[in-house]
Amino acid sequence: MRVGRDTVVALDLELADLWGNPLQPEERIRYLHGYDEILPALERALEGKRPGEKLALRLEPEDAFGDYDEA
């Protein structure tokens, strides 16, 4: 089975900064693929993947959480 619309996806997510420093503890996420429940760039990258595949993805601020804001 491959990831596609109406597929329930479970993934272990690790967020890190540009230098590889963890931004938060690893977290397991479950979502229904194809309904914009996660970041669109991440959903596009997962399209067609098989269970157990690993993915390393670098997102630009505009594709993730926006530019850094000290406040």
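The structure is a predicted model, so local features are taken at pLDDT of at least 70 and side-chain atom pairs only at pLDDT 80 or more, while totals for chains, interfaces and linings use all residues. Residues are numbered from 1 along each chain as its sequence is written, and side-chain values rest on heavy atoms, with hydrogens and water left out.

Starting with the overall picture, the protein chain holds one helix and two strands, and from the N terminus on these elements run β-β-α. Helices (H or I, at least four residues) and strands (E, at least two) are DSSP runs, numbered from the N terminus. Along the principal axes, the C-alpha atoms fill a box of roughly 40 × 20 × 15 Å. Of the 71 residues, 21% count as buried. Here, buried means under 20% relative accessible area, exposed means over 50%, and partly exposed lies in between (1.4 Å probe, protein chains only).

Next come the strands. Strand 1 (residues 8-13) and strand 2 (residues 27-32) pair in the antiparallel sense over six bridges; two strands pair if DSSP finds at least two bridges between them. Within this pairing, valine 9 sits opposite tyrosine 31 of strand 2. Leucine 11 has a relative accessible area of 14%, so it counts as buried. The C-alpha atoms of leucine 11 and arginine 30 are 6.5 Å apart, although 19 residues separate the two along the chain.

A salt bridge (a side-chain nitrogen of Lys or Arg within 4 Å of a carboxyl oxygen of Asp or Glu) forms between arginine 28 and aspartate 12, with 2.8 Å between the closest N and O atoms. This pair ties together distant parts of the chain, since arginine 28 belongs to strand 2 and aspartate 12 to strand 1, 16 residues apart. Both partners are partly exposed: arginine 28 at 47% relative accessibility and aspartate 12 at 42%. By this rule, the count comes to one salt bridge.

Finally, Glu60, Glu62, Asp63 and Asp67 form a negative surface patch. For such a patch, residues need over 30% relative accessible area and no salt bridge, and like charges are joined within 9 Å. Aspartate 63 lies in the segment after helix 1 (40-46) and, at 33% relative accessibility, counts as partly exposed.

Definitions and conventions. Patch = residues over 30% accessible without salt bridge, like charges linked within 9 Å, V, L, I, M, F, W, Y side chains within 5 Å. Areas by Shrake-Rupley, 256 points an atom, 1.4 Å probe, with all protein chains shown as cover. Lys, Arg positive; Asp, Glu negative; His and termini not counted. Charge placed at Lys NZ, Arg CZ, Asp CG, Glu CD.
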